[in-house]
Amino acid sequence: MSKDSRKDELKKAWREQEQQRLVASIPIPHADLKELFDYLDRENPPPCDHTFRETVQFLEKRKLSAARVVPWLREHGGYCDCEVIFNVEEKFGPIVGR
Ligand SMILES: [Zn+2]
């Protein structure tokens, strides 16, 4: 095996591991996360007030724990409703089937 293809193998393995780590970290069912993204990304949402107002409303309606989900969103760059769409959806959207 050439040095480069060895490197590619390592990169691929790392990416797969990273992907698995991301999947395992999701604190709510994938279907709920997908619907959270759909909800935040709906047409004509109210302007983001730079809090998790919409996210928390959605989670509470479904009896999901905001106390678990919000720190997870922050960990992935979502510090308010609009950043959840910009940063978290970018990483997790494809995983949950968006
Ligand atoms: Zn915002």
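Modeller: L33, L36, L40, F58, L59, V69, L73, V84, V88, F92 and V96 form the largest nonpolar core, eleven residues in all. Helix 2 (30–40), helix 3 (53–61), helix 4 (66–75) and helix 5 (81–92) each give at least two residues to this core. Mind that this is a predicted model: local features need pLDDT of at least 70, side-chain atom pairs count only at pLDDT 80 or more, while totals for chains, interfaces and linings use all residues. Numbering runs from 1 along each chain as its sequence is written.

Colleague: What makes a set of residues a nonpolar core?

Modeller: The members must be buried Ala, Val, Leu, Ile, Met, Phe, Trp, Tyr or Cys, joined through C-beta atoms within 7 Å. Buried means 20 or more other C-beta atoms within 10 Å of the residue's own, exposed means 12 or fewer, and partly exposed is in between, with C-beta atoms placed from the backbone. By that count, 17% of the 98 residues of the chain are buried.

Colleague: How many helices and strands does the chain have?

Modeller: Five helices and zero strands, taking both as DSSP runs numbered from the N terminus (helices: H or I, at least four residues; strands: E, at least two). Along the sequence the pattern reads α-α-α-α-α.

Colleague: Why is the chain called more spread out than a compact globule?

Modeller: Its radius of gyration is 16 Å, well over the 13 Å that the globule rule gives for 98 residues, so the chain is more spread out than a compact globule. That radius is taken over C-alpha atoms, and the rule is 2.2 Å times the number of residues to the power 0.38. Along its principal axes, the C-alpha trace spans about 55 × 25 × 20 Å.

Colleague: How do you know that the buried residues of helix 3 line one face?

Modeller: Those residues are E54, T55, F58 and L59. Looking down the axis of helix 3, they fall within an arc of 130°, so they line one face; the arc is that of the directions from the helix axis to the C-beta atoms. E60 and K61, on the other side of helix 3, are exposed.

Colleague: Which helices do the buried residues of helix 3 pack against?

Modeller: Helix 2, helix 4 and helix 5. As for L59, apart from neighbours within four places in sequence, it is in contact with L64, A66 and V69, contact being C-beta atoms, placed from the backbone, within 7 Å.

Colleague: And what makes the buried residues of helix 5 a one-face set?

Modeller: D81, V84, V88, E89 and F92 are the buried ones there. Their arc about the axis of helix 5 is within 105°, so they line one face. F86 and E90 are exposed on the other side of helix 5. The buried residues of helix 5 pack against helix 1 (3–25), helix 2, helix 3 and helix 4.

Colleague: Buried or exposed, H50?

Modeller: H50 has 11 other C-beta atoms within 10 Å, so it is exposed.

Colleague: Why is K63 called exposed?

Modeller: Because K63 has 6 other C-beta atoms within 10 Å. K63 lies in the loop between helix 3 and helix 4, and its phi is positive too, about 60°, though K63 is not a glycine.

Terms used:
Two residues are in contact if their C-beta atoms, placed from the backbone, lie within 7 Å.
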